[in-house]
Amino acid sequence: MKMKRVLITVLCFMLLSMVCTLDMSGGSTESTNQVVVGMVYEPDGKTPAEGAVVIIRSQNTLAAIEGVTAEKQNSTKDTAVTDNSGRYAFREALDNDLYSFEAIKDDNAVFINPVNVAYGEDTVEMDPVTLRPTGRIIGGIFLAEGGDPTEVYVLAFGIDRFTRVDSDGQFTFSGLGEGEYYLKIITTLDIYGSFDTAWIPVVASETTDLGTITLPFSGLPVPQNVKVTYDPGPQKATISWDRAERPGVKYYNIYRGYASFSSHMPITTSVRLNGYQIIDTFYVDSTIGDVEPIMGLPAAVAYSVSVVDSAENEGEKSTLVEVSTSPSITIVNETNLLTANRKNIDFTVARNGEIYIACDGDPFLYVLDSTFNYKEEFHVVSPFNPDSSAPLSFTLRSICSDGTSELLYITRSDDEGIFIYGYDGLLIDSIEDPTAEALGVTDLEIIHNSLHVLTGDSVISFDNNGNRKAAWDCVNGRCLADGGAGRVVVGGYGQICWHDSVGTIISSMQVEYNPLSIAIDTMRQYLYVLIGDGLSFKLLIYDSTNVKIYQYVHHLEPHVSSNKTMRLLGNGNPLVMHVGKLLELSVLKK
């Protein structure tokens, strides 16, 4: 099928009286109604076309589209079918007027518009017509201010058919008989007007390409290039957009809506923020910090902008742009461990940034530098015979590091005391406590410069000389964390409790599942809770009001048997250990 491009001109119906018409005047000036007959030939121009459908309509007929257009305009006047000699006859009398003529058989057709039925004899013979293969019209629709192109329709005057524009803004009007067409393009979008074209030729078997048609914009412009940035320090969001360069624009309105970032809820009804007329192309929302959580989770905030004209008419709102005050998490460092096949691994981050790893069933300490590269390993000297060079004959379990001195605190798997080593693995001292030894050490943590030991049912703190300072009961404690300001945080089965230095409960919260490990970033005021479900580990982040603001899921089996699987690095990033890997997670506060 051949294709040609045509130049679109705006339809002016005054031209209709000047166009060439098929004249069916009988030569008389008597005012009588006419009966029209004629002949249709096959594409060879010789064979009579039997069974062709012949339709005569008012010239201004347009298809009716349910919910879009009104009823057909003057619609079909009469329909006939050719006999075996190719002849037809319209039995309905036609008034003196302009009509369209269409004959169709299979994939062949012919179209004439206009046809002039003038006053004359009672029966008027039309000129013979020849069927030809149908052609088509294609084109594109451009909506300058945006909108759904599928709400645009292309109609042709004189025929009872239409086509709809697709989601890419393209349309194809097929099955058109050879002839000239007047098109009308309409839309249900209120901010656009219709568009008429004239003299669009369709040639048999060919495609007429109209190119791109821009619908006339009749409304107020929709703000474009809307952006939002969030500053977590003062908790402010800045919304910006391009200036609407159209006459009549007086000022802008800003709207804000919400949705829970984790529940995929739809954005709620937007509320206007500005109490004054905004004439600039930016707005600072200083109340974003007051947004209430949705279903216990912080809301994603969505903004849109509209324009208002001098008559106080408001245009369509722009596309929503979203921002969340919750953090984002990415893996910034990852390494495979030599101890990947060991069980019950524990680790600590030393003051110098190095990472010390202890394994149950292994008398070695493995050392990684601050960039997670393997540095060295050494036997831990036996606390029972510190002068002996024989390797340690027992295994290691919990380990933590003193943040103010170069000391490592390690417990044995058989819980016979707490042993203090230097960074070189040499024994310095030990702490013996019958209660801790009898109950079994679950976790160690240096909190407010004091060693705290978690057993199954109690927390015991020691001074720098290894003397007991305080002890208190806790239920099913699993992990410890430094809560800052001397507070001791204990994670247990389904809950986390904050204690003062003598064990008085300050506050508590319920958590999902059972924490494997907890840590608190006092700078960001985040509580990190590490949990595992057997197929992945989850890092839950809570703000200072104990509201969960983010959940990071890593789909690898966690080291559920580890005594400690998370520590904080000096930069505040969580360092998570699972089977075979050590992950540094960067938490950015938006």
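**Figure 1. Confidence along the predicted chain.** The mean pLDDT (the predictor's confidence in each residue, from 0 to 100) of the chain is 80, and 78% of its residues reach 70 or more. Over residues 260-265 the pLDDT falls below 50, and in the model this stretch makes 16 contacts beyond near neighbours in sequence; a contact means heavy atoms within 4.5 Å. Residues 557-563 also have a pLDDT below 50, with 33 contacts in the model beyond near neighbours in sequence. This is a predicted model, in which local features need pLDDT of at least 70 and side-chain atom pairs count only at pLDDT 80 or more, while totals for chains, interfaces and linings use all residues. Residues are numbered from 1 along each chain as its sequence is written, and side-chain values use heavy atoms, with hydrogens and water left out.

**Figure 2. The chain as a whole.** One helix and 50 strands are assigned; these are DSSP runs, numbered from the N terminus, with helices (H or I) of at least four residues and strands (E) of at least two. Of the 590 residues in the chain, 52% are buried, where buried means under 20% relative accessible area, exposed over 50%, and partly exposed in between (1.4 Å probe, protein chains only). Among the contacts in the chain with a separation of 6 or more, 57% join residues 24 or more positions apart.

Figure 3. Nine aromatic pairs are found in the whole structure. Rings of Phe, Tyr and Trp (its six-membered ring) pair if their centres lie within 6.5 Å; planes under 30 degrees apart count as stacked, over 60 as edge-to-face and the rest as tilted. The pair Tyr88 and Phe90 is tilted because the ring planes stand at 55°, with the centres 5.3 Å apart. Both Tyr88 and Phe90 are buried. Together with Phe101, these two residues form one aromatic cluster.

**Figure 4. The stacked pair of Phe111 and Tyr181.** The two rings are stacked, at 4.4 Å centre to centre and with 10° between the planes. Phe111 belongs to strand 9 (residues 108-117) and Tyr181 to strand 17 (residues 179-187), so the pair ties together parts that are 70 residues apart in sequence. Phe111 is buried, with a relative accessible area of 3%, and Tyr181 is buried as well, at 1%.

**Figure 5. Lys317 and the ring of Tyr255.** Lys317 lies over the face of Tyr255, 4.4 Å from the ring centre. A charge sits over a ring if NZ of Lys or CZ of Arg is within 6 Å of the ring centre and within 35 degrees of the ring normal.
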